[in-house]
2 protein chains.
Amino acid sequence: MSEDRPIDYQITDDTKLHRLPERGHYDRDTVHAILDEGIVAHVGLMANGRPVVIPMVYGREGDILYIHGSAASRLLRQGKAGNQLCVTVTLVDGLVLARSPFHHSVNFRSVVVMGAGTFVDDPLDKHRILDLITEHVVPGRIEGVRSHTEKELRATLVLALPINEASAKLRSGPPVDDDEDYVLDHWAGVIPLGVSVGDPIPDPRLTPGIELPDHVSEWSR
Amino acid sequence: MSEDRPIDYQITDDTKLHRLPERGHYDRDTVHAILDEGIVAHVGLMANGRPVVIPMVYGREGDILYIHGSAASRLLRQGKAGNQLCVTVTLVDGLVLARSPFHHSVNFRSVVVMGAGTFVDDPLDKHRILDLITEHVVPGRIEGVRSHTEKELRATLVLALPINEASAKLRSGPPVDDDEDYVLDHWAGVIPLGVSVGDPIPDPRLTPGIELPDHVSEWSR
């Protein structure tokens, strides 16, 4: 890590980048930007004494990360107060094609947040946080739907994980080959990747006459 | 799970879909197709007594999943023989916009493979498997690069995880709203998502005159 980068988060043995330390970032702006661009997090927790990784949507509010699931979810209950979680969000930006297989790589931005979660119990808080998660995935959506019912709030678990022990890891740019390999006549470079968005597909049961709202037609990531 | 679906893999308490069992698949064809389409897996393992989730490229050969990393990687060493791993691959196919926030969802296909990994030590095996991982990410690439050196093989850890305790989870199609909500005049439907591919960016140090090969110009997922 270069000396002039800000450090906002706790660096521990598990979040510190030991190899390639120049790829590690521990500042709020970098971590927040990656979390805000992602859609699905991979949540690691212990179940029956073994690590389990499940994809989940999430939301962020300041330095708190929220995940949610069914109150009937056995897995999410494992994340109960005091149990350790690891939430990882990865954005794949490109495939890095080098002149040797060894130096092939991926351009990516990822965040790892570790720590213990707590359940959110207050219905008003839950309501706000579930709206926030929906808005994270589709900004502008909440004005376009009916509100939560009490029954739905009861059926939903919301888990809050403080963003404190956290790090980001970034790779960008062209391949880095061994000096002697640059003379080889293999093509090398980057295939840029991103999220493609198709034309919205209206629900077959959509009431006739309802127009496509801007928050749908303009969705991008 | 519907009765007529084939079951090829071991269903355990951790890979069985307890809720929404109709989304669970335990057959080879479904699991292989998802693994073959993914680029990055999220690998969960225990480090210092806590779950850690890291993104990694991977490859598949029959019912074996391979991940690789630097021999200096502390994390990958945690996956040593006998230690439990969970490898999850998720493809995000669309955002499902319902009339209530509660029924918002994501169309996705994911695979979870659990079990204990073993290190691959034989240099010839390593060579073949590292080629296989490169080919998984960029089919046709291996013919276009120089081969591995002995030093590179020594510097790389390859971990094999049998695909045995595995399951796939799928959601597709339109939102499913509560009956009484279909009369609401909110737009509902799906925003399809996929992987966008930009124009390949040649390495600034690319030898002049090298043309873009087909395996790069035709790459898609």
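Visitor: In helix α1 of chain A, which residues are buried?
Guide: A:Thr30, A:Val31, A:Ile34 and A:Leu35 are buried in that helix, which spans residues 28-37. A residue is buried if 20 or more other C-beta atoms, placed from the backbone, lie within 10 Å of its own, exposed if 12 or fewer, and partly exposed in between. Helices (H or I, at least four residues) and strands (E, at least two) are DSSP runs, numbered from the N terminus. This is a predicted model, in which local features need pLDDT of at least 70, side-chain atom pairs count only at pLDDT 80 or more, and totals for chains, interfaces and linings use all residues. Residues are numbered from 1 along each chain as its sequence is written, and chains are lettered from A and ligands numbered from 1 in the order in which they are written.

Visitor: New topic. How many residues of chain B are in contact with chain A?
Guide: 83 residues of chain B are in contact with 83 residues of chain A. Contact needs C-beta atoms, placed from the backbone, within 7 Å. On the side of chain B that touches chain A, β10(B) gives the largest share, 9 residues.

Visitor: Why do the copies meet through the same surface?
Guide: Because 100% of the interface residues of chain B are also interface residues in chain A.

Visitor: What rotation superposes chain B on chain A?
Guide: One of 180°, with 0.0 Å of shift along its axis and an RMSD of 0.0 Å. That is the relation of a two-fold axis.

Visitor: Is β5(B) enclosed or open?
Guide: β5(B) is largely enclosed by the rest of the structure, because 11 of its 14 residues are buried.

Visitor: Which strand pairs with β5(B) over 12 bridges?
Guide: β6(B), in the antiparallel sense; strands pair if DSSP finds at least two bridges between them. B:Val96 stands opposite B:Ser105 in β6(B). β5(B) also runs antiparallel to β10(B), joined by 4 bridges, and there B:Gly94 has B:Pro192 as its bridge partner.

Technical notes
Two residues are in contact if their C-beta atoms, placed from the backbone, lie within 7 Å. Copies are superposed by least squares on the C-alpha atoms of residues with pLDDT of at least 70 in both.
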